[in-house]
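This note is written for a colleague who is meeting the structure for the first time. The points below may be read alongside the sequence and the model.

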Amino acid sequence: MSEPAGKPPTAPRSARPTLSQRIRDGLLQRIVAGELGEGDRLIETKIALEFGTSQAPVREALRQLEGLGLIEGQPRHGSRVLPFAEQTIREAYILRAALEETATRLAMLSGTLPFDRLEEAVKEMRRCARGDDVPGIGLASARFHRHVVLAGGNGLLTRAWEALQIEARTAIALMVTRPELARVAEEHRELLEVMRAGEVEAACRHARDHQWAYADTPHDPYGMPKRQGGDA
């Protein structure tokens, strides 16, 4: 059924990570922590056995990691880990800041922000924060921002935003910055309140600064435990 006229498309509802996302995030954690380093091979059959699954979700997880520039597929040789580049995080958040500032402006000027869905996402973030659920809060955060982007009603902007693989990059940012989860939820609540107040310029500035904060945060993934080596 199509959406009623004047309303933004409905964002996908995904309360918990899929199997391929859990595999992706597990491998992400190892790369960020330095347990998997440059040149290490990722073997589909071995990863599938570790996670107790078929190779299909493993293949999807590896495809996402390759899209993020963290691994490189090699014909007949599986995939190998590329150097972890802090710059890729910064560049993605700078671009994301510009896209979300514009989407916020478009959505507020057109009056299409789905406040009930945004409130639901904030409540989910608060639940995840209380349970120390990092993957869950990452998905809820991505869902919040996707609602805003879709409400902007600009298809090209939406496609550019989706191309950033928001859920995966959010997972990376949470792993390397390790923020206080309650504060993450509170930042989204503050943004929602500014939007509710109808303060367009303040909301746009808040949306932009929210992403710039991650671009400007010093990332020190190798301050985490060092790698032990070996294939995954």
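Predicted model: local features only at pLDDT ≥ 70, side-chain atom pairs only at ≥ 80, totals over all residues.

1. Leaving aside residues up to four places away in sequence, Ser141 touches Met125 and His188.

2. The overall make-up may be stated briefly. The secondary structure of the protein consists of 10 helices and three strands. Along the sequence, these elements follow the pattern α-β-α-α-β-β-α-α-α-α-α-α-α. The protein has 232 residues, and 47% of them count as buried.

3. Two further totals describe the protein as a whole. Among contacts with a separation of 6 or more, 78% are made by residues 24 or more positions apart. The accessible surface comes to about 11300 Å², and carbon and sulfur atoms account for 52% of that surface.

4. The next points concern helix pairs. Two packed helices are described by the angle between their axes and the distance between the axes. What are these values for H6 and H8? Helix H6 spans residues 134–151 and helix H8 spans residues 166–177; their axes come within 9 Å and cross at roughly 130 degrees. H6 is therefore oblique to H8. The crossing of H6 and H8 is right-handed.

5. Which residues form the contact of H6 with H8? From H6 come Val134, Ile137, Gly138, Leu139, Ala142 and Arg146, and these meet Ile166, Glu167, Thr170 and Leu174 of H8. Sorted by class, the contact of H6 with H8 holds six nonpolar, two polar and two charged residues.

6. H6 also packs with helix H7, which covers residues 155–162; the axes of H6 and H7 come within 9 Å and cross at roughly 160 degrees. Angles over 145 degrees count as roughly antiparallel, and so H6 is roughly antiparallel to H7.

7. In the pairing of H6 with H7, the H6 side is formed by Ala142, His145, Arg146, Val149 and Leu150, while Leu157, Thr158, Trp161 and Glu162 represent H7. By class, the residues of the contact of H6 with H7 divide into five nonpolar, two polar and two charged. Ala142 and Arg146 of H6 take part in the contact with H8 and in the contact with H7.

8. Asp132, in the loop between helix H5 (115–130) and H6, has a phi near 55 degrees, a positive value in a residue other than glycine. Is Asp132 buried or exposed? Its relative accessible area is 60%, so Asp132 is exposed.

9. Ala202 and Leu191 are 11 residues apart along the chain, and their C-alpha atoms are separated by 9.1 Å.

Methods:
Residues numbered from 1 in each chain as written. Heavy atoms only, no water. Axes fitted to C-alpha atoms, helices over the stretch in contact; angles between N-to-C directions. Helix = DSSP H or I, 4+ residues; strand = E, 2+ residues; numbered from the N terminus. Parallel < 35°, antiparallel > 145°, perpendicular 65-115°, else oblique. Left-handed = near helix turned anticlockwise from the far one by under 90°. Contact = heavy atoms within 4.5 Å. Nonpolar A, V, L, I, M, F, W, Y, C, P; charged D, E, K, R; others polar. Buried < 20%, exposed > 50% of the residue type's maximum accessible area, 1.4 Å probe, protein only. Areas by Shrake-Rupley, 256 points an atom, 1.4 Å probe, with all protein chains shown as cover.
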